[in-house]
Every structure is written in C-alpha cells, then in structure tokens.
Amino acid sequence: MTRKETALEALNKKIPKLEEKIDQDKKLLEELKTKREVLEVEALRKFLHDNGMTTEEIIAKLTAAASSAVSIGRF
C-alpha cells in the first residue's frame, strides 16, 4: 500500500468520528440557544417586574409585540 493510500484510509476512518462530533456539537449549540432564550425571557420578566409590571401586563405587552412583529414579517 502506498503512503497516499495509507493516508486516505486513515482519513476515511476519522470521518465517521468527526461527523459524530459535529452532530454532538450541533445538539449542544441548540441546547445553548434554547437556554439563552430562556435566560433572556427570565431577565426581561425580572426587569419588568422590578419596574412595577405584573405578569399579566408583561404577557399582554409581549403578545402585542409578537403580533406586530409577525404582521410586519419579522418572524
């Protein structure tokens, strides 16, 4: 077997492991994005509560903001 064939064989053996690692990293990234979104919402909720808004008022404002964002095509 030539050096070129040996190197190619070694690379072919690494590919499945690298693909598995990529899949794991993608899953981790999605988990981190989800956690970030949760933390952002919690931080916003706490900020609004600290500034005197009730949960109901916060939900109403967020619902209105989401509705207007959808209607202008942001989502």
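A salt bridge is taken here as a side-chain nitrogen of Lys or Arg within 4 Å of a carboxyl oxygen of Asp or Glu. The structure is a predicted model, in which local features need pLDDT of at least 70, side-chain atom pairs count only at pLDDT 80 or more, and totals for chains, interfaces and linings use all residues. Residues are numbered from 1 along each chain as its sequence is written, and side-chain values use heavy atoms, with hydrogens and water left out.

The protein contains two helices and zero strands; helices (H or I, at least four residues) and strands (E, at least two) are DSSP runs, numbered from the N terminus.

Six salt bridges were found in the whole structure. Among them, the side chains of Glu30 and Lys33 meet with an N to O distance of 3.8 Å. These two residues are three apart in helix H1 and therefore separated by about one helical turn. Lys21 is bridged to Asp25, the closest N and O atoms being 3.0 Å apart, and this pair is four residues apart in H1. Lys21, at 44% relative accessibility, is partly exposed, as is Asp25 at 36%; buried means under 20% relative accessible area, exposed over 50%, and partly exposed in between (1.4 Å probe, protein chains only). Buried residues make up 5% of the 75 residues in the protein.
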